[in-house]
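Here is a short briefing to read alongside your structure.

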Amino acid sequence: MTADRPIVFVVDDDLRIRDALSSLLESAGLDVAVFASAAAFVEAEKPDTPACLVLDLELPDGNGLELQRDLADREAPPIVFITGHGDVPTSVRAMKAGAVEFLTKPFGHEEILAAVHAAIDIDRAARARRSEAAEVQRRYERLTPREREVLAFVVSGFANKHTAIDLGTSEITIGVHRGHVMRKMGARSLAELIRLADKLGVPPPLSSGK
């Protein structure tokens with residue numbers, strides 16, 4: 001399995017459903033891992049790849065909505081619920097909690113495949129955002145304490161002269177620090193630097209207003 005090859009986790013206590021979904025999803029070129037219980041899924045090692053969780057609503061060790069709630073604070077894959085006992089209030093709860101789809105058994109092949117591909121696309125986009133955020137954080141951590149101070153002034157629109165006065169140094173030194181910040185952060189323009197700082201949540205500088 002490659003890092004970009006998606007996987008679908010199927011959690012259902014019905015062996016026939018697990019086998020049927022596994023066969024269908026594999027025929028669509030997807031890797032599949034099946035589980036008979038929520039606990040088995042939670043305890044299993046997960047590959048670092050885009051994924052989707054096809055989750056039965058009623059499981060022998062709990063309710064699918066409970067697992068959805070438990071996974072909410074983790075970097076868990078998007079969920080497609082399947083059930084033979086669905087009702088409108090339950091489906092609404094699932095969708096409000098972030099489920100991609102809520103399908104009632106029996107469902108069509110195209111229906112489940114469309115839901116799975118939509119969920120994988122959502123997860124791929126989320127993983128890309130997390131990867132970008134982690135890279136920006138790594139760049140920020142390479143800055144010295146003084147460079148981080150300069151960054152806050154730069155993205156807040158302060159000129160080098162003002163920054164130098166507030167930080168008690170020369171304008172030339174601030175210019176050097178500013179160049180280091182741009183290089184280490186991988187920013188090719190001030191606009192890009194501002195965007196990166198916004199992702200980091202860089203607070204405004206404690207300027208004296210001189």
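In this predicted model, K184 touches R139, R142, L143, T144 and E147, leaving aside residues up to four places away in sequence. K184 itself is found in helix α8, which spans residues 171–185.

- Is K184 buried or exposed? Its relative accessibility is 18%, so K184 counts as buried, since the cut-off for buried is under 20%.
- Among the contacts of K184 are the charged residues R139, R142 and E147, and L143 and T144 are also on the list.

**The pair α5 and α9**
- The axes of α5 and helix α9 (residues 190–200) come within 10 Å and cross at roughly 100 degrees.
- That angle falls in the range of 65 to 115 degrees, and α5 and α9 are therefore roughly perpendicular to each other.
- On the α5 side, the residues that meet α9 are E132, V136, Q137, R139 and Y140; on the α9 side, R195, L196, K199 and L200 take part.
- Sorted by class, this contact of α5 with α9 has four nonpolar, one polar and four charged residues.

**T83 in β6**
- T83 sits in strand β6, which covers residues 79–83.
- With a relative accessibility of 0%, T83 counts as buried.
- Which residues does T83 touch, not counting those up to four places away in sequence? They are D56, L57, F102, L103, T104 and K105.

**The largest pocket**
- The largest pocket has a volume of about 300 Å³.
- Its lining is made up of 14 residues, and Q68, A72, I79, A97 and G98 are the closest to the pocket centre.
- Helix α3 (residues 64–71) gives the largest share of this lining, with four residues.
- By class, nine of the lining residues are nonpolar, two are polar and three are charged.

**The second largest pocket**
- The volume of the second largest pocket is about 240 Å³.
- It is lined by 15 residues, with K46, P47, E75, A76 and P77 nearest its centre.
- Here the largest share of the lining, three residues, comes from helix α5 (residues 109–141).
- The class count for this lining is seven nonpolar, one polar and seven charged residues.

Conventions
Residues are numbered from 1 along each chain as its sequence is written. This is a predicted model: local features need pLDDT of at least 70, side-chain atom pairs count only at pLDDT 80 or more; totals for chains, interfaces and linings use all residues. Side-chain values use heavy atoms; hydrogens and water are left out. On a 1 Å grid over the protein atoms alone, a cavity is a set of points where a 1.4 Å probe fits but cannot get out, and a pocket is an open set with protein on both sides within 12 Å along at least five of seven lines; lining residues have an atom within 4 Å of a point. Grid points are joined across faces, edges and corners, and a volume is the space filled by probe spheres set on the points. Helices (H or I, at least four residues) and strands (E, at least two) are DSSP runs, numbered from the N terminus. Buried means under 20% relative accessible area, exposed over 50%, partly exposed in between (1.4 Å probe, protein chains only). Contact means heavy atoms within 4.5 Å. Axes are lines fitted to C-alpha atoms, for helices over the stretch in contact, and angles run from 0 to 180 degrees between N-to-C directions. Angles under 35 degrees count as roughly parallel, over 145 as roughly antiparallel, 65 to 115 as roughly perpendicular and the rest as oblique.
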